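Please examine the structure shown below, with its sequence at hand.

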There are 2 protein chains.
Amino acid sequence: MLEEIAVNRCFGGWHRRYRHYSSTLRCTMVFAVYLPPQVESGTVPTLYWLSGLTCSDENFMQKAGAMRVAAELGIALVAPDTSPRGAGVPGDPAGAWDFGHGAGFYVNATQPPWVEHYRMHDYVVHELPELLEASLPVDTRRGIYGHSMGGHGALVCALRNPGRYRSLSALAPISHPLGSPWGQKAFSHYLGEDRAAWQAWDACALIARADERLPLLVDQGEADAFLAEQLQPELLRQACAAVGHPLRLRLHPGYDHSYYFIASFIDDHLRHHAAALFR
Amino acid sequence: MLEEIAVNRCFGGWHRRYRHYSSTLRCTMVFAVYLPPQVESGTVPTLYWLSGLTCSDENFMQKAGAMRVAAELGIALVAPDTSPRGAGVPGDPAGAWDFGHGAGFYVNATQPPWVEHYRMHDYVVHELPELLEASLPVDTRRGIYGHSMGGHGALVCALRNPGRYRSLSALAPISHPLGSPWGQKAFSHYLGEDRAAWQAWDACALIARADERLPLLVDQGEADAFLAEQLQPELLRQACAAVGHPLRLRLHPGYDHSYYFIASFIDDHLRHHAAALFR
C-alpha cells in the first residue's frame, strides 16, 4: 500500500513522494518517483537512483536536474531512501553520518543488531520494483545508477542480479569498499569481521566473475575530496580491464563530489540508460 | 572585499559563494554567483535572481537547474540573500517566516528599527552590481528576475530604475503587495502605516506610470496555493493592459509554487533575458 504524501507537477510530468511499510526493512519508508508525461499513454521504463551517504529521497529529486531529460525520453525516475529509518531502527552508536541511518550501503546485513532492518539490497532490487510495477504505470525495463555510496550500490545490485537491469552507470562510486574506510566501517558492522563475506558486495570483486557485462558509464571529478581514499576509480578501471568489462570512465578536471558535479553530467547518464532501456 | 567561501565546478563554469560586509545593509552578507565558461575569454552579462520568502542564496543555485543554459548562453547568474542577517539584525518579533530575516521584500525601510539594516533595494540594485562589476568578469549588461517575493522584487527594482536593466521576468510574483497579506504585513513594518508611501514599491502601481516598457515574461502555476490571495497575476495583467505594457503571462495547469515549477520553466526565462542581454 502506497500513501502519497506529496505531488508536484514538473516538466509536464509528476514528482510524487510515497510512504509505505517495507516488509523487507521492517519499518516505514519514504521514496520519490518522477513520472514523465508519457505515462498518460502507457507504461514507461524505470531508472533507479541510489543516493550517497546522509541523503534521503529528496536530494536527487531537488538537485540533480534529471527530470528535464527524463520527461523528454519518457523514463520514470525512482529515488529510494539510503537506509531504513525510524525510532525502532538502530543507528550509529556514536551518531556518525557514515554508518547506520542514511548509510545502509545497499547490502543485506548478517550481523545483529543490523540484520533486523538493514536489508537495503533486497529492498531496492526486489521489494521496491515489485511494488512500483504493481502500483504505478512503470514496466519491467529497469536501469540503475547512483552516486558515491549509491554508485557502489548500483554497481553491486546490477552485478549480483544478472538479467534484472538493462543498464548501469555511476557517478563518483565507491569502487572498492573493501579498500575504503567508509566501506570497511560499514561492512565490518553489517557483514561481520570475516572479510571473505565482503567479496560478494564489492564491485571490483564482482566484476572479476560477472556473467553479464552491462556497459558501464562512470563519471568522476578530479577535485573530489574523497577520490583517492574512498572512491578509487583506478581500481574499477583495472578490474574491468582484467576481464574485458566494457567501461567508459570519464575524469573531469576541477569537479568535486557535490550535486553541482552530478547535475553537470546527469543528462549523459539518462541518455546512456535510454539507449539500453528502449533497445 | 569579497571572501570566497565555496567554489564548485558546474557545467564547465564555476558556482562560487562569497561573504562580504555590506555598507548598505550594515551587516555581513553571503551571496552566490555562477560564472559560465565564457568568462575565460571576456566579461559576460549578469542575471540577478531574487528569491522568495525564507530562501538564502542557496535555494536557487541548488534547485532551479539554471546553470546548464547559463553555460550555453554565457550569462553569469547572481543569487543574493533575501534579507540582512545576523545577530545584530532585528527579525520578526514572533519568529514568523514571512517578515524580517529571509523576508526583506527588496524595499528600503523607512521605519525604526528596520531602517537601520533593511535596505535590500539599494543592496540589490546598487551595491551588489557595483561590487561584482569591479571584482568579477561581468559587465554592465544586467537582467533581473525572481520568484514570489523575489518576483515582486525584480519587477519593482527594474520599474523603479529605468535604464539599469536590459531585461525583466518573474515566476509566480507577488504582483500587487498592497493587496496581499504578505505585502501588507511587510510594508506596514518597513514603510509605516501611510499607504501612500507603499505605491512606490508596488509593481501594479509602478507599471501605471513607468517610463520604460521592458517586455515582461511571467509564469504562474494554476495549482499554486498562494495564487488567489498573495500573487494575483490578473491584477498584473490588468495593470499592463491599461497602459500597453508588454506582458507574456503564462498560466500552467497543475503547477504549484515550488522549485519543481521554477525548474520546469527557468530555461525559457534565461532565453528571454538572453535575447535582450545580447541585443
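The contact between chain A and chain B takes 22 residues from chain A and 22 residues from chain B, where contact means heavy atoms within 4.5 Å. This is a predicted model, in which local features need pLDDT of at least 70 and side-chain atom pairs count only at pLDDT 80 or more, while totals for chains, interfaces and linings use all residues. Residues are numbered from 1 along each chain as its sequence is written, chains are lettered from A and ligands numbered from 1 in the order in which they are written, and side-chain values use heavy atoms, with hydrogens and water left out.

The size of an interface is often given as the accessible area lost when the parts come together. Here, chain A and chain B bury about 1,800 Å² between them, and 51% of this lies on carbon and sulfur atoms; buried area is the accessible area (1.4 Å probe) that two parts lose on being put together, summed over both. Of the area that chain A buries against chain B, R9(A), Q62(A) and Y260(A) supply 38%, more than any other three residues. On the side of chain A that touches chain B, at least two residues come from each of β1 (3–10), α1 (58–63), α2 (67–73) and α9 (259–277) of chain A. Helix α9(A) gives the most to this side, with 5 residues. Such helices (H or I, at least four residues) and strands (E, at least two) are DSSP runs, numbered from the N terminus.

Which kinds of polar pairing occur between chain A and chain B? There are 12 residue pairs in polar contact between the chains, both residues being at pLDDT 80 or more, but the count of salt bridges between them is 0. A polar contact is a pair of N or O atoms within 3.5 Å; within protein, one must be able to donate a hydrogen and the other to accept it, and residues adjacent in sequence count only if both atoms are side-chain atoms. A salt bridge is a side-chain nitrogen of Lys or Arg within 4 Å of a carboxyl oxygen of Asp or Glu.

H15(A) is buried, with a relative accessible area of 3%; buried means under 20% relative accessible area, exposed over 50%, and partly exposed in between (1.4 Å probe, protein chains only). Not counting residues up to four places away in sequence, the residues that H15(A) touches include V7(A), Y34(A), M67(A) and Y260(B).

Over all chains, the count comes to 34 salt bridges. In one of them, R16(A) pairs with E4(A), the closest N and O atoms being 2.5 Å apart. This pair links distant parts of the chain, since R16(A) is in strand β2 and E4(A) in strand β1 of chain A, 12 residues apart. R16(A) counts as buried at 19% relative accessibility, whereas E4(A), at 40%, counts as partly exposed. In chain B, R17(B) and E58(B) meet in a salt bridge of 3.4 Å, N to O. Because R17(B) lies in strand β2 (residues 13–22) and E58(B) in helix α1 (residues 58–63) of chain B, the pair ties together parts that are 41 residues apart in sequence.

Two helices of chain A show how burial can be arranged. Helix α4 (residues 149–160) of chain A has 12 residues, and 11 of the 12 are buried, so α4(A) is largely enclosed by the rest of the structure. In helix α8 (residues 233–243) of chain A, P233(A), L236(A), A239(A) and C240(A) are buried. Seen down the axis of α8(A), these buried residues fall within an arc of 120°, so they line one face of the helix; the arc is that of the directions from the helix axis to the C-beta atoms. An α-helix has 3.6 residues a turn, so residues three or four places apart point the same way. The face of α8(A) turned away from its buried side carries the exposed residues A241(A) and A242(A).

Some backbone details remain. A cis peptide bond, with omega about 0°, joins P112(A) and P113(A), and P113(A) has its place in the loop between β5 (76–79) and α3 (120–135) of chain A. Q232(A), although not a glycine, has a positive phi of about 50°.

Note on methods. Expected span 1.5 Å × (residues − 1).
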